[in-house]
Every structure is written in C-alpha cells, then in structure tokens.
Amino acid sequence: MTKIDAWGSNKITNYKHVFKEFGLNEFKDYNLTDNYLFKRKIIIAERDFSKISNAIKNKKKFLQLTGIACSGDLHFGHKVDVDFFNLFKRLGAESKFCICDIDGYVSRPDSKVATIEVAKEVAVRNVADLIALGVKPKDIYVQSQKEKEYYQLTYEISKKITQNTFQAIYGHVDLGKMSAVLLQIADILHVQLPFMFGKAPTITGIGLDQDPHARITRDVSKKINYNIEVPSFFYFIHQSGLKEGNKMSTSEPNTAVFLNDSLKEMEKKINKTFTGGRDTLEEQRAKGANPDICKVYEMFKFHNTDDKFLDKTYKDCKSGNLLCGECKNNCKKWLGKFLTEHQTKVKKALPTAKKIVYGK
Ligand code: SF4
C-alpha cells in the first residue's frame, strides 16, 4: 500500500498508482487559463474541480483557502503555493491565505518551533514574504487572531472525528498534530460561514502528500450541521530539492533556495545543484544533456514565466548547444534579480506583517 505522510517528506513517484488507490481524478482542465502553471501541467490531480471550473466559466462566486504552517522561512517550493493562490484570485476567487502560527507550534517538535512566540516571529517573516509576492494584506490572516466563530467551528469539528478515524488516516494520535488538523479543517471550511463569504464552492491547492487532510476535511464537511459545500481540491507537483532525488525541506537548508537567502548563498547553492549534464564538456557538446532530470531546469520550469526562454533552454540543452556552466550562470542572474527585488519589497512589508500577526 502506498504511504502518504502528511508531515513527512517522502517523494511520491508513482502518481497514477496513488490516484487509483485514493480515488483522485487526473487533472484535465488545462485550457481553463493560459497561465504557465497550467500550461506546464504543474497541477496533476483533483477532487470535485468541476465545481470550480464551472464557477470560473460562468463567472459565479467561488472561494479559495490556502495556508502555510509557520515552521520556518519560505523557500521557492512554498512560492508555488503562493503563485497558485494569486492565479485563482485573478480567476475570480474570494480568497483567504492562512498563516498557521498555532499549527506551526503545536505540530512541530520543540527543537524546531520552541514556543508560540517563535511561531509568531516566523509568521511575521512569512506574511512579509506573501505581501512581497503580491498577496493583498486583507486576504491574509493568522490562526491566533481569528474570530470566535472560527474556534467554535474547530470544536464542532472535534466532535465529528474519532480517535480511530484519526489513527486510520494518519497512523498516530499525537495530540499536537490532532489539534493542528482540527484547525486546518476549520481554515478550509470557515470561509463558507455567514461571517466570512457564505456558502460557495471552495478550492484549496495542495501537494499529493497532503491528501489525508483533504479526505478528512471533505468527510467532516458532510457530517457537521452547517450549510456548506463539500470543498474541492487540486493537487500540484512539488518542486524537488536541489540535490539528486530529494524534496525541498525547510529543515535542510541546502535542499532549497530560500526567499531570504543572500545572493552569495543562492549562488553557492546553484553551483552545487544537481544537473542532467554529461561527464565532460566534449561529450555534452556532442550528445547533449538531460533537462528532464536537471534541478536547474526544474527551477526555471516552476518559476521562470518566460515560455520562450524555457523552450530554448530545453532545446539547447538537448542539442548540446548549452553547457551547464552557462545555464547555471543564467539561473544565478535571474534568481539574483528576483531575490534583490523581493527582499526590498519584504523590508517595506514588515510593519504591515507585524500588524497582521500581533493585531496592533
Ligand atoms: Fe540542466 Fe542547463 Fe545543464 Fe541542461 S544545460 S543539464 S538544463 S544545467
């Protein structure tokens, strides 16, 4: 049986097998927008996405909720979540982005997030990153600042999940993680309550490893006595880590470029990034290289919106016209520009971020 660990970093490789086992639908609605995330097929699966595509096509109301747990600084893997959020907002979704400070504290070991205050300090940096990436401050909230209706819903949800169900879905009954799950379910469902946007189809984008959360959320939405729609989900591919074969991880800094990395740190990481290059320059010129396994190409695919550049890089790599040194230089130049601009925006956003996190 395939193991999906909602808190782990095991990389899923056999997608079709997982779809079948967990009842996910293969994503088909790639023509909904010509955005690069759709064109490049970063979304792979869905549950009930037709409700959302119908709402977009017919200009009907729909909602979205996305969240990030405050377990550390954001890297380019997290940026994909934010890019999807901004895209669905542009497609018409009434939107909320949750910065999960309580979740970040209660579901992580103390060595990582020692107190709720540490989680809030991380939350400030996370919120500033979101604003710098184009998320509107009014669309961001932190769990610790939520209204009483949100907490009432969280306790209602706790009445609908048994210990056995939790054990069956997650394989343990860790109290901190159970609390985090209740909040995550409340995050997704509460946007449909009258004090928020009211009943409407809701979309949340997640990685395949987060499917246990999606299943339990959909299940609970049918059991609680609230007038709401069963939420829809889309599943996107995680950008993998910079080294051969692994996933980006906040706890392993060398697997990812972080949004607050200095240019020197970023350049050092790109220099060491795994590529699909050949052993010698002569061989690469003669036979070409393999962009399909290359982490530099993957960085371009997930974040460089220029289709012509991406296409040319792919073809030149395959033909041997482009060597890895030059390609890495292109990557460092482009990332350097992005990080410099981003970090300037983050500095400006910090006072607003503090207000959102501390409420004053
Ligand atoms: Fe990767 Fe670029 Fe080398 Fe091709 S040329 S393998 S895309 S670094």
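Which helices each supply at least two residues of the shell around the ligand? Select α13 (295-303), α14 (307-319) and α15 (324-358), for each of these gives at least two shell residues; helices here are DSSP runs (H or I, at least four residues), numbered from the N terminus. What you see is a predicted model, in which local features need pLDDT of at least 70, side-chain atom pairs count only at pLDDT 80 or more, and totals for chains, interfaces and linings use all residues. Residues are numbered from 1 along each chain as its sequence is written.

Stay with the ligand and pick out A289, C294, C317, C324 and C327, which come nearest among the 14 residues around it, where a residue counts as near if its C-beta atom, placed from the backbone, lies within 6 Å. Helix α15 gives the largest share of this shell, 3 residues.

Next, select I99, A123, V127 and I185, which touch the most other members of the largest nonpolar core, a set of 68 residues. Such a core joins buried Ala, Val, Leu, Ile, Met, Phe, Trp, Tyr and Cys residues through C-beta atoms within 7 Å, and a residue is buried if 20 or more other C-beta atoms lie within 10 Å of its own. Helix α6 (residues 116-132) contributes the largest share of this core, 9 residues. Because domain 1 (15-242) and domain 2 (253-350) both give residues to this core, it lies between them; the domain bounds come from an automatic or database assignment. Apart from this core lies another, of 20 residues, among them L74, I270, C294 and F300.

Finally, colour the chain by pLDDT, the predictor's confidence in each residue, from 0 to 100: the chain's mean is 92, and 96% of its residues reach 70 or more.

Note on methods:
A residue is buried if 20 or more other C-beta atoms lie within 10 Å of its own, exposed if 12 or fewer, and partly exposed in between; C-beta atoms are placed from the backbone.
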